[in-house]
Amino acid sequence: NSDGKVVFLKKVSKSLHPFEVDIGRYLSSPPLSTEPHNHCCPILDVLQDAQDEDMQFIVMPLLRRYNDPKFETVGEVVEFIRQAFEVLLHVFV
């Protein structure tokens with residue numbers, strides 16, 4: 001993008017996932033964007049597909065796979081699992 005950051009595009013069907021963009025924007029905006037428990041990837045922009053009104057592209061910073069770099073200690077694995085469950089608890093409770 002224009003500031004030199006590497007981004008990726010996620011193609012989203014509005015008819016299949018009508019709230020994904022709205023929820024992502026909500027989680028990417030203050031005060032939730034500064035909440036330490038919010039581990040969601042921020043949405044930088046949303047682009048409309050010029051040829052398909054149903055499709056949008058969510059622009060996000062490029063992230064790594066969960067295991068890149070590889071876990072080196074049991075503690076790192078435990079912390080990864082703790083954070084994954086933390087997200088589930090905040091979403092479903």
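Contact here means heavy atoms within 4.5 Å. This is a predicted model, so local features need pLDDT of at least 70, side-chain atom pairs count only at pLDDT 80 or more, and totals for chains, interfaces and linings use all residues. Residues are numbered from 1 along each chain as its sequence is written, and side-chain values use heavy atoms, with hydrogens and water left out.

**View A. Ile43 and its neighbours.** By that contact rule, Ile43 touches Val21, Gly24, Arg25, Ser28, Ile58, Val59 and Met60, leaving aside residues up to four places away in sequence.

**View B. The largest nonpolar core.** Ile43 turns up again here, together with Val12, Val21, Val46, Ile58 and Met60, in a core of 6 residues. Such a core joins buried Ala, Val, Leu, Ile, Met, Phe, Trp, Tyr and Cys residues through side-chain atoms within 4.5 Å; buried is under 20% relative accessible area, exposed over 50%, partly exposed in between (1.4 Å probe, protein chains only).

**View C. The open sheet.** Its 3 strands run in the order E1-E3-E2, with antiparallel pairing. Strands E1 (7-13) and E2 (45-48) sit at the edges, each pairing on one side only. E1 and E3 (residues 55-61) share 7 bridges, and Lys11 stands opposite Phe57 in E3. Strands are DSSP runs of E, at least two residues, numbered from the N terminus, and two of them pair if DSSP finds at least two bridges between them.

**View D. An aromatic pair.** Phe71 and Phe80 are tilted, 5.6 Å centre to centre with 50 degrees between the planes. Ring centres must lie within 6.5 Å; planes under 30 degrees apart are stacked, over 60 edge-to-face, the rest tilted. Phe71 is partly exposed at 32%, and so is Phe80 at 36%.

Notes: Helix = DSSP H or I, 4+ residues; strand = E, 2+ residues; numbered from the N terminus. Phe/Tyr/Trp six-rings, centres within 6.5 Å; stacked < 30°, edge-to-face > 60°.
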